[in-house]
Amino acid sequence: MAFNLIMMGPPGAGKGTQAERFARAHGVPKISTGDMLREAVQAGTELGRRAKAIMETGKLVGDDIVIGIVRERLARADTVPGFVLDGFPRTVMQARALDTIVEGRDPLVIVDIAVPDDVLVGRLAARRVCGKCAGTFGPAELAGGGTVCPRCGGPLVQRADDNEAVVRARLEVYERETQPLIEYYEARPTFHVIDGTQPPDSVQAAVAAAVESAAVTRRMLAEQGS
Ligand code: AMP
């Protein structure tokens, strides 16, 4: 069975970290719309120019644009054994489009990493990214000042949208646009809420358990059907 995982949760919940761990553990690609948009901004493409101003305010880039990016990415052969989506879908329209894109594949497993707002604001203010390898690091990994990347030695900077005013705007956008997705998905047997205030290793174990339970259910259904 393919591992088709959606990592949901507010900004700062640890989606990116968990998506990366899952991707590495299962040998599937991590597909992050935020990373792809930042790459386009960096490269100065037409898409990047359009996305930059929107991203800097914490608002969402248009559904058509991100749906197009994800549709193209999921058409590539490396997603056949599975994928983990990080930061997509973020609106009900994106979720509907995704259901159409993945029609005929193994079911989506949806993991919602829940973290209270006050914890998120603190985490995002302290978060730094590496200008060289693009790694993201929270306060626990930045002991001793945190100006140099613990992974590659590159310079650490704050993401343009991690300052407090933009963080508040992003959390508001999340409440308004992305929370309704929980209603969209919650009736599915493959939807799971995970406590994101736990240590990263515990969150990782909970994600693995959610995916395993989906695989068990699927095997049982397949056996009943045969
Ligand atoms: P992230 O790295 O996931 O926090 O995304 C950073 C920014 O990129 C967001 O605040 C949005 O402006 C934009 N973005 C990323 N993913 C999406 C998406 N699925 N839909 C709309 N905008 C997105």
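**Entry 1: the parallel sheet**

I looked up the sheets first. Five strands make an open sheet in the order 2-3-1-4-8, with parallel pairing. Strands here are DSSP E runs of at least two residues, helices are H or I runs of at least four, and both are numbered from the N terminus. I count two strands as paired if DSSP finds at least two bridges between them. Strand 2 (30-32) and strand 8 (191-195) each have a single partner strand, so one side of each has no neighbour in the sheet. Neighbouring strands of this sheet are turned by 20° against each other on average, direction ignored.

The model is predicted: local features need pLDDT of at least 70, side-chain atom pairs count only at pLDDT 80 or more, and totals for chains, interfaces and linings use all residues. Residues are numbered from 1 along each chain as its sequence is written, and side-chain values use heavy atoms, leaving out hydrogens and water.

Next I checked one pairing. Strand 1 (residues 3-8) and strand 4 (residues 108-114) run parallel and are joined by five bridges. Met 8 sits opposite Asp 112 in strand 4.

Helix 2 lies across strand 2 and strand 3 (82-86), at about 60° to strand 2. Contact here means heavy atoms within 4.5 Å. Axes are lines fitted to C-alpha atoms, for helices over the stretch in contact, and angles run from 0 to 180 degrees between N-to-C directions.

I found three strands in an open sheet, in the order 6-5-7, with antiparallel pairing. Strand 6 (136-137) and strand 7 (156-157) are its edge strands, each pairing on one side only. Two bridges join strand 5 (residues 128-130) to strand 7. Cys 130 stands opposite Leu 156 in strand 7.

**Entry 2: the ligand**

Which residues come nearest to the ligand? Thr 33, Arg 38, Lys 59, Gly 87 and Gln 94 do, out of 16 around it. A residue is near if one of its heavy atoms lies within 4 Å. Helix 2 (residues 33-43) gives the most to this shell, with four residues. By class I get six nonpolar, four polar and six charged residues. Ala, Val, Leu, Ile, Met, Phe, Trp, Tyr, Cys and Pro count as nonpolar; Asp, Glu, Lys and Arg count as charged; the others, Gly among them, count as polar.

I went through some backbone distances. A polar backbone atom of Lys 59 is 2.6 Å from a ligand oxygen. A polar backbone atom of Val 61 is 3.1 Å from a ligand nitrogen. For Gly 87, a backbone N or O atom lies 2.9 Å from a ligand nitrogen. The protein covers 96% of the 480 Å² of accessible area (Shrake-Rupley, 1.4 Å probe) that the ligand has on its own.

Most residues other than glycine have a negative phi, and most peptide bonds are trans. I noted two exceptions. Phe 88 and Pro 89 are joined by a cis peptide bond, with omega about -5°. Pro 89 is in the loop between strand 3 and helix 5 (92-101). Ala 134 has a positive phi of about 70°. Ala 134 is in the loop between strand 5 and strand 6.

Notes: A polar contact is a pair of N or O atoms within 3.5 Å; within protein, one must be able to donate a hydrogen and the other to accept it, and residues adjacent in sequence count only if both atoms are side-chain atoms.
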